[in-house]
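Here is a friendly briefing to read alongside the sequence and the 3D view. It goes topic by topic, with the cut-offs given as the terms come up.

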Amino acid sequence: MKIAIGCDHAGILLKDTVMECVRAMGHEPVYMGCPDANSCDYPIYGRAVAKAVKSGQCDMGILMCGTGCGISLAANRIPGIRCVNCSDVATARLSREHNDANVISIGSRIVGTELACDLIKAFLSTPFSNGPRHIKRIEMIDSLPLE
């Protein structure tokens, strides 16, 4: 799979770990984040990753900022993107099984390198359950109007 990866200046702390973890799983990382640790705006990179996933250029996405919150909010503004901010493996796994999440966000100031890789492994290796109740709920989410 091609995995879109983006981050801001705070998330860059996890960039190398995330890229290596994705490669170690046999996937192709596609980096579209900031170039260095100079202050930048996370919505730019959240949007870039979300658009790459929505368009099919990439299969899934990984985002990082200081908390994982801001960049996930930006990604979730793109219709069809279900970005979940995770700091535990159970949420990473269940977001795939139940919500068919297609982007994960991680807080580099919240999660260490080892846990970040565990989150990514759980997220990328867990399939969607295709359960009727979950499909129904995802369809409901996708049909909610932007107000």
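**Cysteines, sheet and helices**

Cys117 counts as buried, at 16% relative accessibility, where buried means under 20% relative accessible area, exposed over 50%, and partly exposed in between, with a 1.4 Å probe and protein chains only. This is a predicted model, in which local features need pLDDT of at least 70 and side-chain atom pairs count only at pLDDT 80 or more, while totals for chains, interfaces and linings use all residues. Residues are numbered from 1 along each chain as its sequence is written, and side-chain values use heavy atoms, with hydrogens and water left out.

**The disulfide**

- A disulfide is taken as a pair of cysteine sulfur atoms within 2.5 Å, and by this rule the count comes to one.
- Cys21 and Cys117 are the two partners, with an S to S distance of 2.3 Å.
- The link of Cys21 and Cys117 is right-handed, with 95° about the S-S bond.
- This pair ties together distant parts of the chain, as Cys21 sits in helix α1 and Cys117 in helix α5, 96 residues apart.
- Helices here are DSSP runs of H or I with at least four residues, strands are runs of E with at least two, and both are numbered from the N terminus.
- Cys21 is buried too, with a relative accessible area of 3%.

**The cysteines without a bond**

- Cys83 is in no disulfide, and the nearest cysteine sulfur to its own, that of Cys86, is 8.4 Å away.
- Seen from Cys86, the closest cysteine sulfur is that of Cys83, and at 8.4 Å this is too far for a bond.
- Cys83 is buried at 11% relative accessible area, and Cys86 is buried at 2%.

**The sheet**

- Five strands form an open sheet in the order β2-β1-β3-β5-β4, with parallel pairing; two strands pair if DSSP finds at least two bridges between them.
- β2 and β4 (83-85) stand at the edges with a single partner strand each, so one side of each has no neighbour in the sheet.
- From one strand to the next, the twist averages 25°.
- β1 and β3 run parallel and are joined by five bridges.
- Cys7 has Met64, in β3, as its bridge partner.

**Helix α1 and its surroundings**

- Helix α1 (residues 12-24) has 13 residues and reaches 19 Å from its first C-alpha to its last, close to the 18 Å expected at 1.5 Å a residue; the expected span is 1.5 Å times one less than the number of residues.
- Ile12, Leu14, Val18, Met19, Cys21 and Val22 are buried in α1.
- Those buried residues of α1 pack against β1 (2-7), β2 (28-31), β3 (60-65), β5 (103-107) and α5 (113-125), with contact meaning heavy atoms within 4.5 Å.
- α1 lies across β1, β2, β3 and β5, running at about 150° to β2; axes are lines fitted to C-alpha atoms, for helices over the stretch in contact, and angles run from 0 to 180 degrees between N-to-C directions.
- Gly26 follows α1 and has a positive phi, near 90°.

**Helix α2**

- Helix α2 (residues 42-55) lies across β1, β3 and β5, running at about 175° to β3.

**After the α6 helix**

- Leu146 lies in the segment after α6 (132-143), and this residue is exposed, with a relative accessible area of 65%.
- Leu146 and Cys34 are 112 residues apart along the chain, and their C-alpha atoms are separated by 29 Å.
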